[in-house]
Amino acid sequence: MKRKLIFLSFIICQLSFSGVAAQSWVKKAAKSVFTLKTFDANGTLVGNSCGIFVGEQGEAISSYEPFRGANSAVVIDATGKEYPVEMILGANDTYDVVKFRVDIKKPQPQVIASVKADEGAAVFLLPYRESKQSIQGVVLKTETFGGTDNAYYTLKVTMPQDGAGMPLFNEEGQLLALMQQPMSENDTLCYAVSALFADSLKMTGLSFNDEVYRATGIKKALPTDLGQAQLTLFMAASTFDSLSYVQLVDDFIRQFPDVQDGYVSRAELATSDDRYADADRDMEQAIKVAAADKERRDEALGEAHFSYSRLIYQKLIYRPEPAYEPWTYDRALEEAVAAYAASPQPIYRQQQAYVLFAQKKYAEAGNIYDELFNTPLRSPDLFIEASRCKLVQADTLGYLAMLDSAVAQFSKPYLREAAPYILARAQARLDAGKYRDATNDLNDYEQLMAIQVNASFYYLRFQAEQGGRLFQQALNDIAKAIELNPSQELYYAEKASLEVRVGLYDEAIATAQECIKLVPDYSDGHLFLGLAQCLKGNKVEGVKNLQRAKELGDEQADGLIEKYGK
């Protein structure tokens with residue numbers, strides 16, 4: 001170890017006398033080096049660094065930091081010519097490196113060393129536009145990260161000011177690394193990160209949501225892997241602004257012209273702009289591309305026809321105007337049938353059911369749902385969908401049976417996921433006059449959603465309890481509804497009505513007076529006040545209030561005035 005330190009000290013001493021070296025490879029390598037400048041949306045300079053070309057298609061690597069907050073970038077090559085940066089291919093802000101593509105026809109790419117430099121090895125910095133001299137240094141420490149091929153170097157070398165991104169070479173003239181920003185102003189050592197690592201950077205399906213990419217406005221490349229590119233396309237549909245998404249879809253089609261996803265996405269965009277003929281052409285192209293897919297033809301055709309059917313169906317349901325004559329429910333059904341014929345997936349049969357329901361062919365749609373109950377699609381939602389077929393056919397028993405099946409997909413004790421289905425069944429039971437069953441469902445719902453239940457919920461349960469002659473529970477719930485929403489006059493009127501019904505006349509009078517105080521011209525308040533007063537024995541005041549209810553348009557008041565006004 002002592003001999004090793006003596007050896008390193010000797011090299012460092014030698015470098016102190018000879019910091020600049022001439023190498024035979026320098027002139028050629030210098031053609032690969034450039035300076036990078038980045039700008040914001042107003043054209044103001046954001047940052048600059050050095051960099052180097054590493055690929056025949058204009059691929060280059062440099063420091064990432066200048067890209068932060070930038071909207072455009074250019075490189076200036078060794079001859080002084082300027083070229084725009086096209087897109088980012090990959091980035092890592094931890095090691096401050098970025099890979100990107102430059103719009104240049106004949107770059108001068110540099111060969112990257114496949115072997116790390118050992119401690120004590122001589123290395124050479126090559127500043128921008130230096131054609132005769134390089135700056136010699138020595139490796140003090142070689143560490144690996146992210147795999148054995150990626151090296152992080154600690155160096156003894158004199159780095160020029162603003163030298164971040166400057167390329168570091170071995171003695172054979174192979175690219176080793178990119179220089180890093182000094183860790184502090186007082187740091188006497190320099191650092192460099194593996195060029196192999198920088199060159200390996202690439203986009204993935206989730207890259208567009210990564211902060212390192214969102215921090216720059218410069219265009220990002222699609223992943224080269226199809227699966228990752230498809231994931232990007234899916235994610236971007238809900239996260240990108242409209243212009244960026246349009247550009248991404250066009251990039252996908254250029255990069256993967258034999259994959260249907262891009263054409264389907266572009267058709268969806270055209271539909272949203274009412275360009276239905278354009279959408280139609282893209283969907284026909286999607287089907288053509290799917291048919292040419294030798295590896296997964298049937299599966300791809302099923303997907304394409306299904307997408308076509310769904311696009312037509314959604315247009316007809318959600319945007320019926322302006323009409324596009326070739327797109328009809330019959331056409332949507334044809335495409336769904338074609339999807340199932342190509343690849344018999346249950347979801348394609350479900351699409352047929354959607355279209356048939358829209359065509360008011362409820363029995364046919366219901367028959368399909370009966371089939372789907374025996375497939376992997378069986379779920380609470382599927383039973384809810386099927387229940388709609390029964391409801392519109394006025395099949396109350398069938399409707400309730402479907403809702404029972406939806407709830408039966410969950411086991412007791414229920415989890416919160418069951419709550420919306422229990423609530424749907426409660427409403428259906430209430431509508432069918434099954435008041436106590438509805439009350440039981442609403443009790444279960446309250447247990448699951450105790451924090452979220454509101455005045456409307458308590459009013460709904462009040463109605464069920466009142467119908468089921470559970471009067472005390474009903475009075476408790478209507479009181480709770482008033483507590484949660486004291487400005488709703490209907491709740492006071494309903495409470496007063498029930499109090500009259502169960503003979504609580506004093507309470508009914510007080511509740512009706514609160515109602516009138518809240519909304520003086522609300523006829524129900526005067527009606528129930530007058531009725532309660534009459535039943536209490538105060539017919540004079542009671543009839544006056546009933547008369548006021550009549551003046552406000554209450555049709556029930558006449559009969560009560562005739563009864564109690566004699």
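These are my notebook entries on a predicted model of a protein.

**Ground rules**

I number residues from 1 along each chain as its sequence is written. Since this is a prediction, I take local features at pLDDT of at least 70 and side-chain atom pairs at pLDDT 80 or more, with all residues used in totals for chains, interfaces and linings, and I work with heavy atoms for side-chain values, leaving out hydrogens and water.

**Overall look**

I started with the secondary structure and found 23 helices and 13 strands. Here helices (H or I, at least four residues) and strands (E, at least two) are DSSP runs, numbered from the N terminus.

Next I looked up the dimensions. The C-alpha trace spans about 125 × 60 × 45 Å along its principal axes.

Then I checked burial: 48% of the 566 residues count as buried. Buried means under 20% relative accessible area, exposed over 50%, and partly exposed in between (1.4 Å probe, protein chains only). I also noted an accessible surface of about 28700 Å², with 49% of it belonging to carbon and sulfur atoms. Those areas come from the Shrake-Rupley method with a 1.4 Å probe, and for residues only the protein chains shown count as cover.

For contacts (heavy atoms within 4.5 Å), I took pairs at least 6 apart in sequence, and 56% of them join residues at least 24 apart.

On charge, I have 59 positive and 76 negative side chains, with the centres of the two sets 2 Å apart. Lys and Arg are positive, Asp and Glu negative, while His and the chain ends are not counted. Each charge is placed at NZ of Lys, CZ of Arg, CG of Asp or CD of Glu.

**Asn 150**

I found Asn 150 in the loop between strand E9 (134–144) and strand E10 (151–156). Asn 150 is buried, because its relative accessibility is 10%. A polar atom of its side chain lies 3.5 Å from the backbone nitrogen of Phe 197. Beyond neighbours within four places in sequence, the contacts of Asn 150 include Glu 143, Ser 194 and Leu 196.

**Ala 290**

Ala 290 belongs to helix H8 (residues 276–291). With a relative accessible area of 2%, Ala 290 is buried. Setting aside residues up to four places away, I see Ala 290 touching Gln 260, Arg 297, Ala 300, Leu 301 and Ala 304. I also looked up Asp 261, which is 29 residues from Ala 290 in sequence and 9.8 Å away, C-alpha to C-alpha.

**Cis peptide bonds**

Glu 321 and Pro 322 are joined by a cis peptide bond, omega about 0°. Pro 322 sits in the loop between helix H9 (297–318) and helix H10 (329–342). Lys 412 and Pro 413 are also joined by a cis bond, with omega about -5°. I place Pro 413 in the loop between helix H14 (396–408) and helix H15 (419–431).

**Positive phi**

Asp 96 is not a glycine, yet its phi is positive, near 55°. I found Asp 96 in the loop between strand E6 (82–92) and strand E7 (97–102). Is Asp 96 buried or exposed? Asp 96 counts as buried, at 14% relative accessibility.

Asp 274 has a positive phi too, about 65°. Asp 274 is in the loop between helix H7 (260–272) and H8, and is partly exposed with a relative accessible area of 32%.

Terms used: Polar contact = N/O pair within 3.5 Å; in protein donor to acceptor, adjacent residues only side chain to side chain.
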